[in-house]
Amino acid sequence: MVLMGGGGDNGCGGDNDNGGGDDQNIVGDGIVRHNSSVSEVRDQKIQNVTAATEGTVTANNNNLSSKVGSKNDSLNTSSTNDSAAHVEIPDVKDKLLHGLLASGFDEASCISRVQSQFYGKASPHRPSSYLVSKLRNYEKIHRKCGPNTRAYNRSIVKIVRSKNNGAVGTMCKYLVWTPANGLGNQMISIVATFLYAILTDKVLLLRFGKDKHGLFCEPFLNSTWILPQKSPFWNDNQVETYKSMLEKDKSYNTSKGHLPSSVFLNLAHTRDDPEKFFHCDHSQELLKKVPLLILLSDQYFVPSLFMTPIFSWEINKMFPEKDTLFHHLGRYLFHPSNEAWSLITGFYQKNLAKADERIGLQIRVFNHASTPKQSVMELILSCIIKNQLIPEVLGMQNSVSSTSKNQTTKAVLVASLYPEYGENLKTMYLRKETVSGEVVEVYQASHEEHQKFNDDMHNIKAWVDMYLLSLSDVLVTTSRSTFGYVAQGLGNLRPWLLQRLAGNEKHFPTCKRDFSMEPCNHYPPKHFCNGKPIEDFASSFGYLRKCEDSSFQVKLVNGSV
């Protein structure tokens, strides 16, 4: 089943740093092609989707196994990518990612569920048995209480009628996610909200507008995660806020039934926001009694859930490897729709499949007008050449030709809003000999020039770019970019982080290797629950460290780093 959305989108501009655009495509043979863009590949591949829906999924699997298997069985990663030394083709029988996914889905309705295992590296991380059991339990709740069920209809009516008496029990409880900012921000916050729903036995429903149509398959069997268009909770103007609920709690005893039946919680943080104490047990005990919670977020607030004592035991049991949380839940939730999958596989097979190594290069320029293009190119080249991600062109500065020529091919996938960085890199390596003898080819799927909102094709291009980046063997991303967070988490990749440029400033080193594939929480809590400022996360919370991106951000790590 392909996701269908409804209602409005409250997205408001932000950190969706995708390369998009359909006027040209950069290819490694030196020709700027005007007929290989994402939009045209989209049209060419629709026939494949149609064929799959007519029952050719099994045949496609066998064909993919022979195509990709013969290529990847001999693929060795470079020394800079220590996450996996060899790419393995998974057993076709293990379509469920070691139990992470549920069985029973119609394969033709979501081809990526079946075929995704043939692309990229096989993950060495298996979900814990406790996580698998929690997912199966959540699926039962969602199937029982999701939209278009008797339990849903009865529960929503009761929630609406018992406006100021949240303590009155309902059959089902709901967590309504509301989008903010770009697609990267939205995807990381959906994962965080889904974990919160699991921990609180609430049903996750998404306020997806028309711009999200065609992005993802439905993740829950025989149900939908989309808030129905006719729901009274598309409008939260009459819903009490989390802030006012806390203020009332200071005046009333919650046992007297003064809690509302629905609450609006804004977790779309900025650095200057007052402390919300969302990570404190008392706040969570209040929210637990509220049958319907509307949550606005553009953040990966998972670290806050780890900091909450009443949640910490369960989260630790679900995720013995703390830095695999997004990797597992992201692969569980986000399956490209048939339309998106046709674009991904079409571009991959045409441009990337034959390479011996794939290098993803995600470039986000936060202030394009004031940042010189030459400074950006110098930053990129210093990072990828000094760290031996790609070889120098013979003749560059003091480069020395290697005595043993390596005839392997490295494909560089550039993801950026702007075309010039990919074009410059392509021109540099076009028909040029490198010091190692390796051939470097440069490709770019799209470039939109400007970030767009409430635009379905723009979002599809962004999703295609993110997924293609996740199939890399080595990944380079831009610091603080949520677009890069999604790619690294899905692909089990510890990226090289390009320093964030502002104006004409210089950085040394120009990039550094991240210590975890987990996304960063850009605005973590600032205080303990007693009001005392948090000075050092690592000493107080064993699995949190300051991000390489910025000293005031935190992320999950698996033990000490």
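User: I'd like to start with one residue. What is the relative accessible area of N558, and which class does that put it in?

Analyst: Happy to start there. N558 has a relative accessible area of 37%, so it is partly exposed. The classes are buried for under 20% relative accessible area, exposed for over 50%, and partly exposed in between, using a 1.4 Å probe and protein chains only. A word on the model before we go on. It is predicted, so local features need pLDDT of at least 70 and side-chain atom pairs count only at pLDDT 80 or more, while totals for chains, interfaces and linings use all residues. Residues are numbered from 1 along each chain as its sequence is written, and side-chain values use heavy atoms, leaving out hydrogens and water.

User: Where does N558 sit, and which residues is it in contact with?

Analyst: Contact means heavy atoms within 4.5 Å. N558 lies in the segment after β15 (554-556). Setting aside neighbours within four places in sequence, N558 is in contact with P320, E321, K322 and D323. The C-alpha atoms of N558 and D323 are 5.4 Å apart, although the two residues are 235 apart in sequence.

User: How do contacts and burial look over the chain?

Analyst: Of the contacts with a separation of 6 or more, 78% join residues 24 or more positions apart. Buried residues make up 61% of the 561 residues. C110 is an example: its relative accessibility is 2%, so it counts as buried. C110 is in the loop between α1 (38-72) and α2 (111-115), and beyond four places in sequence it touches C217, H335, P336 and N338. C110 and P336 are 226 residues apart in sequence but 7.7 Å apart from C-alpha to C-alpha.

User: How many helices and strands are there?

Analyst: The chain has 16 helices and 15 strands. Both are DSSP runs numbered from the N terminus: helices are H or I with at least four residues, strands are E with at least two.

User: How do I read the length of a helix such as α3?

Analyst: Compare its reach with the expected span, which is 1.5 Å times one less than the number of residues. Helix α3 (residues 129-145) has 17 residues and reaches 24 Å from first C-alpha to last, close to the 24 Å expected. Helix α5 (183-200) has 18 residues and reaches 25 Å, close to the 26 Å expected.

User: Which residues of α3 are buried, and what do they pack against?

Analyst: Among the buried residues of α3 are Y130, L131, K134 and H142. The buried residues of α3 pack against several elements, including α4 (150-161), α5 and α9 (309-318).

User: How do I read the way α3 meets α9?

Analyst: Axes are lines fitted to C-alpha atoms, for helices over the stretch in contact, with angles from 0 to 180 degrees between N-to-C directions. The axes of α3 and α9 come within 7 Å and cross at roughly 110 degrees. Angles under 35 degrees count as roughly parallel, over 145 as roughly antiparallel, 65 to 115 as roughly perpendicular, and the rest as oblique. The two helices, α3 and α9, are therefore roughly perpendicular. Y130, L131 and K134 in α3 meet W313, E314, K317 and M318 in α9. By class, that contact of α3 with α9 has 4 nonpolar, no polar and 3 charged residues. Ala, Val, Leu, Ile, Met, Phe, Trp, Tyr, Cys and Pro count as nonpolar, Asp, Glu, Lys and Arg as charged, and the others, Gly among them, as polar.

User: At what angle do α5 and α15 cross?

Analyst: The axes of α5 and helix α15 (residues 482-491) come within 7 Å and cross at roughly 50 degrees, and the pair α5 and α15 is therefore oblique. G184, N185, M187 and I188 in α5 meet T482, F483, Y485 and V486 in α15. The contact of α5 with α15 divides into 5 nonpolar, 3 polar and no charged residues. As for burial, 18 of the 18 residues of α5 are buried.

User: Last topic: how should I read phi?

Analyst: Most residues other than glycine have a negative phi. D201, which follows α5, has a positive phi near 55 degrees. D201 lies in the loop between α5 and β4 and is partly exposed, with a relative accessible area of 44%. R480 also has a positive phi, about 70 degrees, although it is not a glycine. R480 is in the loop between β11 (474-478) and α15, and is buried at 17% relative accessible area.
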